[in-house]
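User: I would like to go through this model with you, one part at a time. Could you have the structure at hand?

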Amino acid sequence: MTTTSFTATIQDRVSRIDTMPSIPAVFLPLLELLNLPPENVKLDEIVKLVSYDNTIAAQCLRVASSPLFGLAKTPDSIKGAVLSLGLRRVQTILLTCCLGSAFPAKNWPLEPTTFWRHSLGCAMVCRKFSEKLAAPDGDKAYMAGLLHDIGFPVNCMVFPKEFAIATANATQAQIPLDEAERATMGFSHCETGRALAEKWHLADDLIQVIAFHHTPELSESAKPLVAMVHLSDLLCRMRNMGYGYYESRKVDLANNPAWAILLQEYRALEGIDLVRFTFELDEAAGEVFNLVSTIFGSSAAAGKS
Amino acid sequence: MTTAPQPAPTKTGPVDPVYRQIRDLVYKVSGIYKADEKLYLLADGCVRRMKVMGAKSSRDYWDYLTANPSRDGELRQLLNEITIGETCLFRSQPQLDAVRKVILPEIVVEKTKQITKRLRIWSAGCSTGEESYTLAMNMMEESERLLKGWTVEILATDLNDRSVETAKAGIYGDYALRNTTDYYKRKYFTTLDEKKLQVRPEVKKLITFSRLNLQDDSKILFMKGMDLIFCCNVLIYFDGSSKAKVVNHYYTNLNFGGYFFLGTSESLLNLNDKFHLVHFPGSIAYWKPSLSSGKL
């Protein structure tokens with residue numbers, strides 16, 4: 001099959017995701033609000049949006065009290081959470097909760113809990129990275145980490161047989177999943193994720209992350225963000241938040257091309273103590289696992305059926 | 001008012017923020033990091049030291065560690081407390097996986113053109129031999145696969161004569177063997193009595209135990225040509241400049257393409273900028289780039 005016909009197949013099959021039932025109504029409007037400058041977003045708009053979905057509102061309040069998000073007590077309302085954590089942070093929590101029900105996790109070849117642990121772990125690492133680099137938008141980095149692999153659930157839904165073979169090959173050969181995808185399917189979750197991201201009209205930088213997080217040097221308009229997600233993704237996979245199998249590989253982060261890209265933008269990267277960063281990541285992993293149970297528990301459990 | 005030292009936090013209880021401060025101080029000085037879920041071990045050690053020193057609270061003890069004239073000595077005592085008794089066979093499976101699944105295949109390819117197929121490993125600060133025997137058994141497991149036709153030499157050294165003698169005997173009880181599977185126990189040990197197992201002679205044959213002071217520059221020169229060096233929780237016993245010197249020796253003594261492992265929660269900090277920090281699943285190591293990697 002040629003590249004063009006592959007792309008046509010991907011786009012054709014991804015267009016059918018519309019028929020999938022469970023994308024929460026508040027997800028896309030919330031994402032759109034995230035693209036606006038914070039001063040243009042009204043608190044009441046968010047509260048109104050969330051009031052349509054009690055489950056997500058309740059989840060959001062539970063998640064807001066996690067040590068990863070920084071509130072000591074569970075806030076009693078979305079408004080209360082926003083006053084304590086800020087609008088952008090609450091938006092990212094809400095979006096995380098929405099994503100849990102966006103993909104029906106039935107018969108995935110990938111263990112859904114493992115997938116969400118990786119996604120949420122990567123989101124958390126991206127935000128920590130941003131903090132250490134004093135990057136301007138930690139919440140955007142968080143969303144980029146959370147969404148970078150949305151091509152995997154797309155593959156589960158749209159190319160279940162092919163993706164099952166790729167997953168089995170990756171596990172058996174202990175190689176990165178994207179390599180196994182390309183070898184067996186001719187394309188990867190980067191292409192399918194991009195098709196979905198475009199269909200959802202995500203912001204361009206998020207599309208770039210989804211499409212190029214394995215090849216950051218190819219990104220055209222969001223290189224530093226894509227590079228940050230690339231490194232965070234690798235770190236997660238090396239620290240027990242990967243795809244649930246052993247990847248026989250050595251990762252030299254400071255000599256990775258993404259490191260050089262990020263260094264051009266943020267000189268503070270030179271001063272990062274990567275070992276300590278790694279230990280801190282291990283520390284946060286337990287909390288990521290707890291959050292995955294809170295947010296994705298029901299959809300992840302459905303995948304085991 | 002005199003009060004007894006605060007009890008150490010439990011595994012699940014709230015953490016006294018002073019212990020986090022002490023954790024950061026310990027990391028800055030020694031490179032040992034106690035993650036939150038293991039902070040209770042650090043706190044236990046602090047409480048033991050607080051009793052000895054008569055410190056009334058964790059805040060008091062913080063002052064001992066930072067403002068007291070004998071603070072360096074006290075910090076050393078605390079480091080002893082928090083690293084003691086950690087050793088056992090098969091202590092870090094992720095490190096062993098990295099060696100067998102990633103590093104050995106790489107070294108075998110790298111050395112494929114050499115006439116003598118020889119792998120040299122140094123267990124520096126081997127204490128009572130648990131790490132050395134673990135490495136030996138794992139290399140023996142590869143002797144019919146990756147290391148077929150290879151000679152494996154493990155040099156295990158420690159400053160303490162008594163530790164070296166205990167290591168040579170290779171006799172271990174339940175506690176040291178808590179991570180050792182029945183497969184390894186049956187294959188590589190003989191039963192001494194109900195509670196003790198002894199390492200078989202064929203495992204011992206791979207290892208040369210000897211006393212070595214890591215500060216003895218002239219003797220360290222003879223430890224050249226290593227492919228792997230393990231030095232777990234040993235560097236804490238050196239002060240800044242001698243630590244840097246020892247680490248530099250390790251770098252020199254490693255072959256190009258060789259790896260240096262520290263303890264699982266230990267960092268080299270900024271002691272050597274020639275090593276590349278590399279991640280494997282669940283473990284980290286320091287790599288002396290191979291000549292063919294183009295990364296020297």
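User: At roughly what angle do the axes of helix H3 and helix H4 of chain B cross?
Analyst: The axes of H3 (residues 58-66) and H4 (residues 71-83) of chain B cross at roughly 115 degrees and come within 6 Å. Axes are lines fitted to C-alpha atoms, for helices over the stretch in contact, and angles run from 0 to 180 degrees between N-to-C directions. Helices (H or I, at least four residues) and strands (E, at least two) are DSSP runs, numbered from the N terminus. This is a predicted model: local features need pLDDT of at least 70, side-chain atom pairs count only at pLDDT 80 or more, and totals for chains, interfaces and linings use all residues. Residues are numbered from 1 along each chain as its sequence is written, and chains are lettered from A and ligands numbered from 1 in the order in which they are written.

User: Which residues make that contact of H3(B) with H4(B)?
Analyst: H3(B) contributes Tyr64(B), Leu65(B) and Thr66(B), while H4(B) contributes Arg71(B), Glu74(B) and Leu75(B). Two residues are in contact if their C-beta atoms, placed from the backbone, lie within 7 Å. By class, there are three nonpolar, one polar and two charged residues. Ala, Val, Leu, Ile, Met, Phe, Trp, Tyr, Cys and Pro count as nonpolar, Asp, Glu, Lys and Arg as charged, and the others, Gly among them, as polar.

User: Now the domains. How is chain B divided?
Analyst: Chain B has domain 1 (17-83) and domain 2 (93-293), with bounds from an automatic or database domain assignment. Their C-alpha centres lie 29 Å apart. Eight residues of domain 1 of chain B are in contact with eight residues of domain 2 of chain B. On the domain 1 side, four of these residues are nonpolar, three polar and one charged.

User: What is the strand order in the open sheet of chain B?
Analyst: The seven strands follow the order E6-E2-E1-E7-E8-E10-E9, with mixed pairing. Two strands pair if DSSP finds at least two bridges between them. E6 (207-211) and E9 of chain B stand at the edges with a single partner strand each, so one side of each has no neighbour in the sheet. Neighbouring strands are turned by 25 degrees against each other on average, direction ignored.

User: What packs on the sheet?
Analyst: Helix H11 (residues 240-253) of chain B does, touching strand E7 (226-230) and strand E8 (254-261) of chain B. The direction of H11 makes about 135 degrees with that of E8(B).

User: How many bridges join E1 to E2 in chain B?
Analyst: Seven bridges join E1 (residues 118-124) to E2 (residues 151-158) of chain B, and the two run parallel. Ser123(B) stands opposite Ala156(B) in E2(B).

User: And E10(B): how many of its residues are buried?
Analyst: Five of the five residues of E10 (residues 283-287) of chain B are buried, that is, 20 or more other C-beta atoms lie within 10 Å of their own, with C-beta atoms placed from the backbone. Ser283(B), Ala285(B) and Trp287(B) point one way, and Ile284(B) and Tyr286(B) the other way.

User: Finally, how many residues of chain B are in contact with chain A?
Analyst: 19 residues of chain B are in contact with 20 residues of chain A. The largest share of the chain B side, five residues, comes from E9(B).

How values were computed. A residue is buried if 20 or more other C-beta atoms lie within 10 Å of its own, exposed if 12 or fewer, and partly exposed in between; C-beta atoms are placed from the backbone.
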